[in-house]
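Here are my notes on this structure. Please read them with the model open.

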Amino acid sequence: MSAPLKPLPAWADVAVIPLVNVAAAFVISGFVVLAIGENPLEAVQILITGALGNLEGIGFTLYYATSFIFTGLAVAVCFHANLFNIGVEGQAYIAGLGAALAALYLGFLPGYSLVVIAVIAAALFGAAFAAIPGYLQAYRDSHIVITTIMFNYIASAIMGYLLVDVLRVPGQMNAETQAFPETGRIPQFHEVLAAFGVQWPVTPFNLSFLLALATAFGVWLLIWRTRLGYEIRTVGANPVAAIYGGISPARVTIIATVLSGAIAGGLAVNVILGEEHRLILEYTAGFGFVGIAVALMGRAHPVGIILASILFGVLYQGGAELAFDKPKISRDMIVVIQGLVVLFAGALEHMFRRPVATLLARRVAHPPI
Amino acid sequence: MELFDAFIVVFASGMRLAIPLILACLAGLWSERSGVVDIGLEGKILVGAFASGAAATFTGSVWLGLAAGLAATVAFSFIHGYASIDQRANQIVSGTAINMVADGLTALIGNAIWSQGGRTPQLPASAQFAAIDWPFVHEIGAIPIVGPIYEHLISGYDLITYAAFLLVPLTYWALYSTRFGLRLRAVGENPAAVDTAGISVRALRYAAVTICGLLVGLSGVYLVLSQLSYFQPHMSAGRGFIALAALVFAKWRPWPALATCLLFGFLDAVAIRLQGVILPIIGSVPVQAIEALPYVLTVVLLAGFIGKAIPPRASGVPYVKER
């Protein structure tokens with residue numbers, strides 16, 4: 001066996017390794033584009049212009065980024081407790097039900113209190129749906145990965161039944177609910193800015209973005225500045241030490257999964273209350289899984305997650321433009337990139353550690369004159 | 001008699017639906033028994049399906065399609081193996097990555113080559129596995145009770161179906177009656193003990209991952225070359241995860257795995273059959289309720305309310321040699 005690795009300097013650990021990992025994912029993506037007979041550099045140019053070239057593109061990019069901040073944070077909270085919540089997709093789906101039920105049936109509530117209640121309902125539904133796998137992991141010893149995968153499909157079945165057979169507007173073809181009343185919607189930025197006399201193109205970008213940023217700050221406070229956060233990190237690092245320190249891993253497991261589910265509800269807030277204004281079949285569209293890539297890329301830190309979310313927002317918005325310009329590079333390319341990011345930033349995160357360490361060591365051994 | 005005929009029809013369709021599950025479940029069994037958790041079965045089914053569909057389209061040969069499907073899944077298995085065994089990665093993360101890459105890549109390449117939204121062209125019958133009629137199928141088929149069973153449940157399936165049923169006893173024999181199988185199971189329970197005996201943990205786990213790739217590849221190949229005759233993006237439709245559920249439900253044992261997969265396939269067939277049918281007393285059964293049943297059953301089992309599902313002790317744990 002080769003010699004054990006010397007620890008890398010902190011700056012290399014925080015900045016260089018993640019960047020090298022993500023770069024590897026993008027380089028391979030470039031080869032994939034090349035392999036299907038397109039020019040990767042041209043693709044990147046179209047992608048970036050489409051995502052950031054004008055205000056409309058930026059609006060869509062930030063709208064997608066908002067979704068990813070929520071799902072990324074949801075995955076990250078569980079990461080800190082060393083739990084892998086693959087069920088963010090299903091939790092967000094069920095959270096959509098909470099948001100829709102509140103917005104549709106509590107219309108008597110005055111003014112914007114309706115939308116506030118709808119946001120809370122989304123969080124509660126997401127939390128409740130996550131609580132079951134959390135409880136089963138904590139007290140029944142069933143692995144959260146398997147149960148949350150199963151719960152994704154259970155959520156899909158429940159929602160399929162409700163939307164097709166119960167909530168659908170009679171006579172409608174599409175499996176979706178009625179539109180929410182005006183007070184059950186989250187204002188979009190172009191509306192808010194118009195009130196101040198500022199012109200902004202019509203995009204789905206809405207005030208949920210601010211809620212996402214606040215949630216990110218809240219998660220940072222919770223994980224690094226509170227006793228509960230300390231307990232979560234301790235259980236994540238070493239459950240035996242946690243017990244010795246008087247922390248109950250079972251309690252922390254449940255709290256972490258419930259929080260995760262509640263944050264997953266943010267996806268419903270952004271998409272259902274902020275843009276669609278009605279509950280639609282399969283509205284989550286895999287964004288819960290994007291959260292896994294975002295959390296891994298952002299190394300489960302809120303700042304990293306916001307940056308990774310914006311990057312994925314660029315990919316989703318720019319990818320749509322790219323698929324329009326270059327039909328060969330369909331939107332599936334984004335899923336490939338996402339998978340490669342999970343592979344290199346997650347599964348193979350230590351692969352480049354040795355080369356980078358060797359490189360740094362050599363640089364120190366032969367200082368440039 | 002009518003009820004019996006309906007039963008035969010539903011059972012035959014359940015069996016067809018169970019084949020990809022059986023193969024994927026056996027694949028997961030080999031991998032997890034060696035200590036490598038594989039939630040990437042779903043993605044690898046897609047890889048096998050796409051590669052076999054594409055190769056069969058280009059060459060017109062069912063055998064080259066089969067070979068390409070198996071080769072592609074084994075390659076994807078090696079990525080997972082490299083991450084799990086050599087890089088000591090989190091195997092769940094690696095499996096998730098495999099699922100995403102497979103899902104995106106198959107649709108992307110399919111769309112780039114044939115411009116049909118990721119679909120591959122319909123294969124001619126010569127590039128598919130044909131159903132094999134057993135001897136005297138019509139003569140025996142005329143006999144009541146035994147006849148329909150022989151005609152519809154035993155005869156008339158393709159090569160991969162029979163292979164799937166043979167692979168169950170083969171897996172059982174290999175795992176429980178050979179030296180290799182004993183070592184493989186040991187490496188999933190206590191790799192340090194195997195290492196101490198001077199046997200390579202790494203080689204055993206790579207062997208298991210390779211077998212897993214071949215079996216799950218066959219599952220994907222079946223979908224295209226035996227069932228649908230073309231590849232379609234996302235066509236695995238959660239089968240990899242149902243197989244994973246079946247694996248848990250069967251408590252990581254081959255014969256119960258076969259029974260569970262047949263049960264889940266049968267449930268699927270019943271769900272299709274009951275679509276829009278109004279039953280006496282119960283009324284119409286929501287299809288989604290039956291579709292969700294495998295997942296609910298697995299969660300209930302995992303929770304320890306009916307028996308206890310205990311995975312191999314070292315599954316998911318990377319092996320670190322003591323220095």
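**Notes on the A–B contact and chain B**

1. Chain A puts 37 residues in contact with 37 residues of chain B; contact requires C-beta atoms, placed from the backbone, within 7 Å. On chain A, α6 (144–166), α12 (287–297) and α14 (332–347) each supply at least two residues of the side that touches chain B. That side of chain A divides into 24 nonpolar, eight polar and five charged residues.

2. This is a predicted model: local features need pLDDT of at least 70, side-chain atom pairs count only at pLDDT 80 or more, and totals for chains, interfaces and linings use all residues. Residues are numbered from 1 along each chain as its sequence is written, with chains lettered from A and ligands numbered from 1 in the order in which they are written.

3. Chain B holds 13 helices and two strands (DSSP runs: H or I of at least four residues for helices, E of at least two for strands).

4. The C-alpha trace of chain B spans about 70 × 50 × 40 Å along its principal axes. Its radius of gyration, 20 Å, agrees with the value near 20 Å for a compact globule of 323 residues (C-alpha atoms; rule: 2.2 Å times the number of residues to the power 0.38).

5. In chain B, 52% of the 323 residues count as buried (20 or more other C-beta atoms within 10 Å of the residue's own). Of its contacts with a separation of 6 or more, 77% join residues 24 or more positions apart.

6. The largest nonpolar core has 228 residues (buried Ala, Val, Leu, Ile, Met, Phe, Trp, Tyr and Cys joined through C-beta atoms within 7 Å). Among those with the most contacts inside it are A:Ala99, A:Val342 and B:Leu26. Beyond four places in sequence, B:Leu26 touches B:Leu167, B:Val168, B:Thr171, B:Leu215, B:Pro254 and B:Ala257.

How values were computed. A residue is buried if 20 or more other C-beta atoms lie within 10 Å of its own, exposed if 12 or fewer, and partly exposed in between; C-beta atoms are placed from the backbone. Two residues are in contact if their C-beta atoms, placed from the backbone, lie within 7 Å. Ala, Val, Leu, Ile, Met, Phe, Trp, Tyr, Cys and Pro count as nonpolar, Asp, Glu, Lys and Arg as charged, and the others, Gly among them, as polar.
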